[in-house]
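Subject: Structure for your files, with notes

Hello,

Here is the structure I said I would send. My notes are below it.

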Amino acid sequence: MHEAVARKAGLSGTDHKYLGFLIEKEQITAGEFSTLTGLTTGAVTGLIDRFEKKDL
């Protein structure tokens with residue numbers, strides 16, 4: 001499901017899933033998001049950069 005919806009929004013399925021986490025939490029630090037998702041803080045920074053490029 002994430003992949004199909006994501007494609008329509010121009011995202012990867014994984015990015016769509018993580019965007020859902022961010023929307024749900026409203027405010028979260030990169031460190032907290034890293035802990036929640038298991039991503040490194042560097043990966044979280046890249047993810048946020050991709051979202052910002054898409055004005056998300």
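This is a predicted model: local features need pLDDT of at least 70, side-chain atom pairs count only at pLDDT 80 or more; totals for chains, interfaces and linings use all residues.

Residues are numbered from 1 along each chain as its sequence is written, and side-chain values use heavy atoms, with hydrogens and water left out.

Helix α2

Helices here are DSSP runs (H or I, at least four residues), numbered from the N terminus. Helix α2 covers residues 13-25, which is 13 residues. From first C-alpha to last, α2 reaches 19 Å, close to the 18 Å expected at 1.5 Å a residue; the expected span is 1.5 Å times one less than the number of residues. The buried residues of α2 are Gly13, Asp15, His16, Tyr18, Leu19 and Leu22. For these labels, buried means under 20% relative accessible area, exposed means over 50%, and partly exposed lies in between, with a 1.4 Å probe and protein chains only.

α2 against α4

Two packed helices are described by the angle between their axes and the distance between the axes. Axes are lines fitted to C-alpha atoms, for helices over the stretch in contact, and angles run from 0 to 180 degrees between N-to-C directions. The axes of α2 and α4 (residues 41-53) come within 11 Å and cross at roughly 90°. The two helices are therefore roughly perpendicular, a label for angles of 65 to 115 degrees.

On the α2 side the contact is made by Asp15, Tyr18, Leu19 and Leu22, and on the α4 side by Leu47, Arg50 and Phe51. Contact means heavy atoms within 4.5 Å. By type, the residues of this contact are five nonpolar, no polar and two charged. In that count Ala, Val, Leu, Ile, Met, Phe, Trp, Tyr, Cys and Pro are nonpolar, Asp, Glu, Lys and Arg are charged, and the others, Gly among them, are polar.

The salt bridge

How many salt bridges does the structure hold? There is one, where a salt bridge is a side-chain nitrogen of Lys or Arg within 4 Å of a carboxyl oxygen of Asp or Glu. Arg50 pairs with Asp15, and their closest N and O atoms are 2.9 Å apart. The pair links distant parts of the chain, with Arg50 in α4 and Asp15 in α2, 35 residues apart.

Is Asp15 buried or exposed? Asp15 is buried, at 8% relative accessibility, whereas Arg50 is partly exposed, with a relative accessible area of 41%. Setting aside neighbours within four places in sequence, Asp15 is in contact with Leu47, Arg50 and Phe51.

α3 against α4

Helix α3 is residues 30-37. The axes of α3 and α4 come within 9 Å and cross at roughly 105°. That makes α3 roughly perpendicular to α4. Ala30, Gly31, Phe33 and Ser34 of α3 make this contact with Thr41, Val44 and Leu47 of α4. The residues here divide into four nonpolar, three polar and no charged.

Two residues of this contact have entries of their own. Ser34, in α3, is buried at 13% relative accessibility. Apart from neighbours within four places in sequence, Ser34 is in contact with Leu39, Thr40, Thr41 and Val44. Thr41, in α4, is partly exposed at 46%. With neighbours within four places again left aside, Thr41 is in contact with Gly31 and Ser34. Thr41 and Lys53 are twelve residues apart in sequence and 18 Å apart in space, C-alpha to C-alpha.

Positive phi

Which residue follows α2 with a positive phi? It is Glu26, with phi near 65°, although Glu26 is not a glycine. Glu26 is found in the loop between α2 and α3 and is exposed, with a relative accessible area of 71%. Asp55 also has a positive phi, of about 60°, and is not a glycine. Asp55 is in the segment after α4 and counts as exposed at 71% relative accessibility.

Regards

Definitions and conventions:
Angles under 35 degrees count as roughly parallel, over 145 as roughly antiparallel, 65 to 115 as roughly perpendicular and the rest as oblique.
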